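Dear colleague,

Please find below the structure that I am handing over to you. My findings follow directly after it, and I would be grateful if you could read them alongside the model.

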Amino acid sequence: MQTLITNAVIATLDDRPDSLGGDDPYGLIDRGYLLIKSNQIAALGPMEKLSAGHTNIGRAAVFDAGGRLLTPALIDCHTHIVHGSHRAAEFELRLNGASYEEVARAGGGIVSTVTATRVMSEAELVTAALPRVDALLAEGVSMIEVKSGYGLDIETELRMLRAARALSDKRPVRIITSFLGAHALPAEYAADPDDYIDNICIPALYQAHEQGLVDAVDGFCETIAFTAAQIERVFAVARDLGLPVKLHAEQLSQSGGCQLAAKYGALSVDHVEYADAADARALSAAGSVAVLLPGAFYTLRETKMPPIDLFRGANVMMALASDANPGSSPLTSLLLAMNMGCTLFRMTPAEALAGVTRHAAKALGLFDCGRLRVGMRADMVLWDVRHPAELSYRIGFNPLKRRFFGGVAQ
């Protein structure tokens, strides 16, 4: 089966030199075609070169894009969409003056979601997550990273990871799982984080790896969570198991997380509002992606912005993600996250689009998606707009025309 898309404005997001700066940061082909064979991109280029290079093109099903924009499918590289219940009451508390840290120390926050998640079966977790998945897919997302971390006991952490894996059986989406056992302290270990790391987190990681449930290992390095030394014990196990690492760091304070993550060659470091110049240099040297999460910044009404200029100056790749979770970022719109990245963080529309495609793929350690190039997976989106900047510019508007997943039109 072949599909030929014609007359499209194609934003390749490819990493050719002319697509990384200057007048064309999108890698645009103004009037182009793209040929899909099986689930891969077989050819693409300007329309005037179509007939000369492809003698068997007549056997393809043809879709005329009519001048619409074609981009790589979007990638949400940081979510917590598998969980129980909601935290709307805490939203009210924060609006009445309580800080995120005060809510967490009072037994709310992550721990309240843990209580709700522990009592849910795998099937119930899948059913609860599917509407959130559907919201993301409806905006052109083809890949979602899903974290554990709302179990904080061995059984529930594994159940969350199994539920995350099962989402790809229910919907046309690729799921990447991250083990986040070092997310918070459950009530039963509130006084002894080291004991929790030894008796719950690390044993759960071993079991998750043995059962093939984990693609990467994450942690929360912060004053209300775990120290860099405690996270490093988990990272050392991940390294022994051959698993890549990621880290929530520098969200609420300067915690040393960026330096630790860089030491372990982390795929990404996420939040990073309090990162400094030394952190930017360390992430650049390690090739780690800075994943920016404007939904949490917005929801928590934070004022400390991530150091975008430092990241630019150090050539740190920047991704954007929803951080979809029931507490600090109840956001299931990657298009809105792109707008927030531009409006709140002063990213450019080109940086925002790269942040949910090419750089988001890099943040997950993937190289077969996030760009439109021959040989890549045919995951792409046709939008009812004419210029890539429109995707970040509009608010509350979904211009999706057609989504292609593995070459199949959805």
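Leaving aside residues up to four places away in sequence, Y298 touches M340 and L344, where a contact means heavy atoms within 4.5 Å. Y298 sits in helix α11, which covers residues 294-299. Helices here are DSSP runs of H or I with at least four residues, strands are runs of E with at least two, and both are numbered from the N terminus. With a relative accessibility of 52%, Y298 counts as exposed; the class exposed means over 50% relative accessible area, buried means under 20%, and partly exposed lies in between (1.4 Å probe, protein chains only). The C-alpha atom of Y298 is 8.0 Å from that of S329, a residue 31 positions away along the chain.

Please note that this is a predicted model, in which local features need a pLDDT of at least 70 and side-chain atom pairs count only at pLDDT 80 or more, while totals for chains, interfaces and linings use all residues. Residues are numbered from 1 along each chain as its sequence is written, and side-chain values use heavy atoms, with hydrogens and water left out.

T299 also belongs to helix α11. T299 is buried, its relative accessible area being 16%. Beyond residues up to four places away in sequence, the contacts of T299 are R94, G327, S328, S329 and P330.

Two residues other than glycine have a positive phi. R301, in the loop between α11 and α12 (308-313), has a phi near 55 degrees. D323, in the loop between β13 (318-320) and α13 (334-343), has a phi of about 55 degrees. As background, most residues other than glycine have a negative phi. Which of the two classes, buried or exposed, applies to R301, and which to D323? R301 is exposed, at 53% relative accessible area, whereas D323 is buried, at 1%.

A229 lies in helix α8 (residues 228-241) and is exposed, with a relative accessible area of 54%. The C-alpha atoms of A229 and L74 are separated by 35 Å, and these residues are 155 apart along the chain.

Turning to the whole protein, there are 16 helices and 16 strands. The radius of gyration is 21 Å, close to the 22 Å that the globule rule gives for 410 residues, so the protein is as compact as a globular protein of that length. This radius is taken over C-alpha atoms, and the rule is 2.2 Å times the number of residues to the power 0.38. Along the principal axes, the C-alpha atoms fill a box of roughly 70 × 45 × 45 Å. Buried residues account for 60% of the 410 residues. Of the contacts between residues at least 6 apart in sequence, 73% join residues at least 24 apart.

Finally, on confidence: the average pLDDT, the predictor's confidence in each residue from 0 to 100, is 94, and 96% of the residues score at least 70. Over residues 17-21 the pLDDT is below 50, and this stretch has eight contacts in the model beyond near neighbours in sequence. Where pLDDT is low, the predicted coordinates should not be read in detail.

With kind regards
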